[in-house]
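Work through the exercises below with the sequence and the 3D structure at hand. Each task is followed by a solution in steps.

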Amino acid sequence: MLYNSTENKNEVVSAAQAISQGISKDGGLFVPQELPQYTLDTIKTLLPMSYNERAKFVFADFLSDFTSEEIADCVDSAYTKEKFGSDCPAPLVTKKYNGNEINIMELWHGPTCAFKDMALQILPHFLTKSLKKKYDGKTAVILVATSGDTGKAALEGFKDVDNTKMIVFYPEDGVSPMQKRQMNTQKGNNVNVCAIKGNFDDAQTGVKKIFTTEEIVKLLNDNNMLFSSANSINWGRLLPQIVYYVSAYCDLVNDNKINLGDKINVVVPTGNFGNILAAYYACCMGLPINKFICASNKNNVLTDFINTGVYDKNRQFYATASPSMDILVSSNLERLLYMFSGNDDKLVAEWMTQLKTTGKYEVTPEVKEKITSQFFGGYCDDDNTKSTIKKLFEDEKYLCDTHTSVAINVYNQYVEKTGDKTPVVIASTASPYKFSHSVLEAVSPELICDDEFEMVERLNKVSGAEVPKPIAELKNLEVRFNNVTEADKMPEYVKNTLGI
Ligand SMILES: *Cc1c(COP(=O)(O)O)cnc(C)c1O
């Protein structure tokens, strides 16, 4: 299988190249030229398989330049019982909300308690094998700018991975105390963490600049190193996400919740549009999905886009209780637009240029029609996020995090508006303990205090929900990093850390 850029169809690369490069030279994103087609018989063969076997099956079609041994090695190193707590990294839990049955797909059992582990535990394995095919013997230097979740998940994924080094930059005052502690206690001999004096944009701009500074690129090259990327537009991060939708469908059939061939609806709390796009790819491959419900918080640029066909990021930015969805430019949407425009790379490039220059673009009526026929967009503010957590907890004694709550609330809006009661899978993207303050505020506001770990304990007492080991252990871990640098000193920091 080959991949081409969404902004230039003539830029064609292998999977290993797409994963090594991360993004196309023209600024477009790599997309598969065609998708494997699964019949109901194909899905039937997946039913008796474990999660890892299903993953290997799906990857084999997409990573045609990998051997089956290489793929098996990637999967079995990533999704282990040790890292995900069981042999099923993405379990389904069935609850009722407002009288409707909801199947909650818990994607947060990995080492950092957020769904990004599903991709970032396997990306390092894809990447090191890809580099070996393309750039054998070199060490990949991965720079990450993070506002919290991605940094920790990337560190945990890449720690002690051969031939890689990682440096994570985060805004000194722009991440939660829990996220800061998660990063600063990170283990691994090849990783480094540094706060910068500035905001997330300063960190991101700094990283991008380093990537393109000729002097540094040459220094790396002289030392047998090269830059690579772990951010969410890398195909190697999207691909692993397709698997859990296929796997959840199989689980629903095995649990007699649906018959093979029945359609399901999928609800995803959305930021950069990666997770929901993976579900859409699964559908294009033949997984019977009826509707994609795209849930946003008060930063509802996607809700408006789905409803009007106009993408307009010129609006106020809100810091919400679901911070991982506080985003105004959803990068992965570009891949959907490419498909819906009939692979029209020129048109996609034009829209992306408009987005960069004016912050706005409008899709054609044909594209808009495709979007509205398959996607439903809705949003939910912080008050409703909290009341949804509270209701689900009171009715079912089940605790969900703020992002998952946005999804459940928007799903409820969808059912009330349409009456569509197709069986549903709701992506649950983080452990409630990762956002203890907001979750406690929803269920027992009188217990709020200013000590993060005390709040975790109080939330555990109130709910009885198990505290994930990585969060429970955090309190006693040694702080390894307390580096701070000025944003304009980042290049020196990188050179010193790498010893070049
Ligand atoms: C990253 C993230 C999201 C958004 O996922 P996208 O793939 O960017 O749409 C939602 N919830 C949590 C907890 C996240 O960390």
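**Exercise 1: a residue and its core**

Task: In this predicted model, find which residues Ile242 is in contact with, leaving aside its neighbours within four places in sequence.

Solution. Contact requires heavy atoms within 4.5 Å. Once neighbours within four places in sequence are left aside, Ile242 is in contact with Val58, Phe62, Trp235, Ala278, Tyr281, Ala282 and Met285.

**Exercise 2: the whole protein**

Task: State how many helices and strands the protein has, and why it counts as compact.

Solution. The count gives 23 helices and 16 strands. The radius of gyration is 22 Å, close to the 23 Å that the globule rule gives for 500 residues, so the protein is as compact as a globular protein of that length. Buried residues make up 59% of the 500 residues.

**Exercise 3: a pocket**

Task: Describe which residues line the second largest pocket.

Solution. The lining has 38 residues, and His109, Gly110, Pro468, Lys469 and Pro470 lie nearest the pocket's centre. Elements giving two or more residues to this lining are α5 (81-84), α8 (149-158) and α22 (469-474). Sorted by type, the lining has 16 nonpolar, ten polar and twelve charged residues. The space in this pocket is about 1,000 Å³.

Key. Residues numbered from 1 in each chain as written. Predicted model: local features only at pLDDT ≥ 70, side-chain atom pairs only at ≥ 80, totals over all residues. Heavy atoms only, no water. 1 Å grid on protein atoms, 1.4 Å probe; cavity = no way out; pocket = protein on both sides within 12 Å on 5 of 7 lines; lining within 4 Å. Points joined across faces, edges and corners; volume = space filled by probe spheres on them. Helix = DSSP H or I, 4+ residues; strand = E, 2+ residues; numbered from the N terminus. Nonpolar A, V, L, I, M, F, W, Y, C, P; charged D, E, K, R; others polar. Rg over C-alpha atoms; globule rule 2.2 N^0.38 Å. Buried < 20%, exposed > 50% of the residue type's maximum accessible area, 1.4 Å probe, protein only.
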